Amino acid sequence: MPVSCLPQARPLYLVADDRGVAPLLAAKFATVGIATQVVSVAPADATHLVVLSGLNRCPTPQDVEREIFGLFSQLRNCAAALRAGGGLFVTVQDTGGAFAAHHCDGQQAWLGGLAAFAKTAGREWPQLAVKAIDVAFTDPETVAASLFEELMGGGPEREVGLGENRTTPSPIAVAAPLGRSPFNDGDVLVVSGGARGVAAECVLALAACQPLRLGLLGRSVLVEESRELARLADETALRQHFIASASGKATPMEINRQVSRIMASREVRSTLANLTALGCEARYKTVDVTQTAALEAALDSLRQDWGAIHGVIHAAGVLRDKAIADMTPDQFAIVFRTKVDGLRALLRVTQPDTLKLLCCFSSIAARVGNPGQLNYNVANTTLNAVCLAEKVRRPDCVVKSIGWGAWDGGMVTPALKRHFEAQGVDLIGRQTGARAFVAEVFAGADSAVEVLLTGALGRGFASLAGHIIHRENHGEKDV
């Protein structure tokens, strides 16, 4: 909705940038009688809000985090006013004018997640007019003029790139690629979060194609089981054992924690055994992927025995779903940092290596802005942008940010599965998803970076200039 069509009972607040665009934009609104206020932080009662701080120069990770976490704080603070209806929320960022798809400074790409704030707010508060704008920064006057034109007369699109041309996403559905492995037998891959869940399924499918050396990284600490525990086959039996042995001295939460640790250890060991059976060498390292020093030590130990690292798969992630107004800073931070700081640390510690593959597990949530998942949406949108920027730096590397739809497993609990089925959302079968992952790895260095892999949703997604490809299941079922 153009600014000129919005009710003007409240002023239009412009959250200032450090490049001088905000006062120039305010002056342009004044020429058409729209009252604005340039502020450093939006007041809690703001109903019309354009956040220009995404134009700020962010040369360090701390600068990026300041902008991302600062916007989270402001959006949560203004939640009551914005969701009341009839308002406007716009984010503006400098990631090349096409959401990092081209001509994006590598450090600025880490601000790519800003676009998810507008998309998520629009999903949670449908009565709010929202837009995420990316500009190719030239000079303050030119940027102010292009923003004024877009805000006064732009279309209804929620994502708009203002570069050499005005660009918006458009649907493209493409068949699965046919290619060959980028690896030689014995090449070394490190996989965060790859010892369990759907990531493990993908790693096993890749390992079935050729013998590789795989370093699996995860937070789970492997538990040594007694013979008595080892005979207990499932969660129910384990829980009954701990209840009986605790004699009422342990809380249900403590018992569940014990059971979860054992089940996680079993899953990790099962993955390692299956990889060995496929002819691969596999090791598991207990490490928090966001901790650079610990991660570097883990990778150095792999290099000492195996040599240089040839591929990185970043699949680590956690969920802490809440509505924007109810989400705490800690809930936002742990989801964001696991994915974003994890990727940053992996890129930093593999600088000495010449990678043949860089692959991030993102989510379709980054495209559509799932309500209740602001932290997850922002984190995955950041992964998409950084991968696009990394591709420019690594033209001979297969770079992928895979926006997964909902799997039949992994983070999709039985209750969530029933919810998806009730909504008519086809889940990705574990074998089908694993095969699709291998196809993307084998697609070649010239293939699309951001790819959506979903069930048979019957619709596709694409990027500005076609950088996002959507592939569907098309009825293929697991055997």
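Author: First, the ground rules. This is a predicted model, in which local features need pLDDT of at least 70 and side-chain atom pairs count only at pLDDT 80 or more, while totals for chains, interfaces and linings use all residues. Residues are numbered from 1 along each chain as its sequence is written, and side-chain values use heavy atoms, with hydrogens and water left out.

E225 has a relative accessible area of 24% and is partly exposed. The classes are these: buried is under 20% relative accessible area, exposed is over 50%, and partly exposed is in between, with a 1.4 Å probe and protein chains only.

The side chain of E225 forms a salt bridge with that of R266, at 2.8 Å from N to O. R266 belongs to helix 9 (residues 252-277), whereas E225 sits in the loop between strand 9 (213-218) and helix 7 (227-230), so the pair ties together parts that are 41 residues apart in sequence. A salt bridge here is a side-chain nitrogen of Lys or Arg within 4 Å of a carboxyl oxygen of Asp or Glu. Helices (H or I, at least four residues) and strands (E, at least two) are DSSP runs, numbered from the N terminus.

Salt bridges with shared partners also link K119, E159, R367 and E450 into one network. The total count is 26 salt bridges. Side chains of opposite charge can pair when their charged atoms come close.

R166 bridges to E157, with the closest N and O atoms 2.8 Å apart. R166 is partly exposed at 38%, and E157 is partly exposed at 27%. R66 and E67 meet at 3.0 Å, N to O.

Now the wider fold. The protein chain has 15 helices and 15 strands. Of its 479 residues, 54% count as buried. Contact means heavy atoms within 4.5 Å. Among contacts between residues at least 6 apart in sequence, 76% join residues at least 24 apart.

Seven strands make an open sheet with mixed pairing, in the order 2-1-3-4-5-6-7. Strand 2 (36-39) and strand 7 (166-167) are the edges; each has a single partner strand, so one side of each lacks a neighbour in the sheet. Two strands pair if DSSP finds at least two bridges between them. Strands 1 and 2 run parallel and are joined by four bridges. Y13 has Q37 in strand 2 as its bridge partner. From strand 1, L12 and L14 point one way, Y13 and V15 the other, and all are buried. Strand 5 (residues 129-135) and strand 6 (residues 159-162) are also parallel, joined by four bridges. V135 stands opposite L162 in strand 6.

Helices pack on these strands. Helix 5 (residues 140-153) touches strand 3, strand 4, strand 5, strand 6 and strand 7, and its direction makes about 150° with that of strand 5. Helix 2 (residues 61-77) lies across strand 1 (12-15), strand 3 (48-54) and strand 4 (88-93), at about 175° to strand 4. Axes are lines fitted to C-alpha atoms, for helices over the stretch in contact, with angles from 0 to 180 degrees between N-to-C directions.

Next, the interior. A nonpolar core is a set of buried Ala, Val, Leu, Ile, Met, Phe, Trp, Tyr and Cys residues joined through side-chain atoms within 4.5 Å. The largest has 73 residues, and I68, F89, F117, F332 and L374 have the most contacts inside it. Not counting residues up to four places away in sequence, I68 touches L114, F117, F332, F336 and V378. Apart from that core lies another, of 38 residues, which include F183, A199, L206 and L453. Helix 6 (residues 197-207) is mostly covered, with ten of its eleven residues buried. A199 and L206 are among the buried residues of helix 6.

S362 is in strand 12 (residues 357-363) and is buried at 4%. Its side chain reaches the backbone oxygen of N380 at 3.4 Å. Beyond its neighbours within four places in sequence, S362 contacts N380, N384, S401, I402, G403 and W404.

Notes. A polar contact is a pair of N or O atoms within 3.5 Å; within protein, one must be able to donate a hydrogen and the other to accept it, and residues adjacent in sequence count only if both atoms are side-chain atoms.
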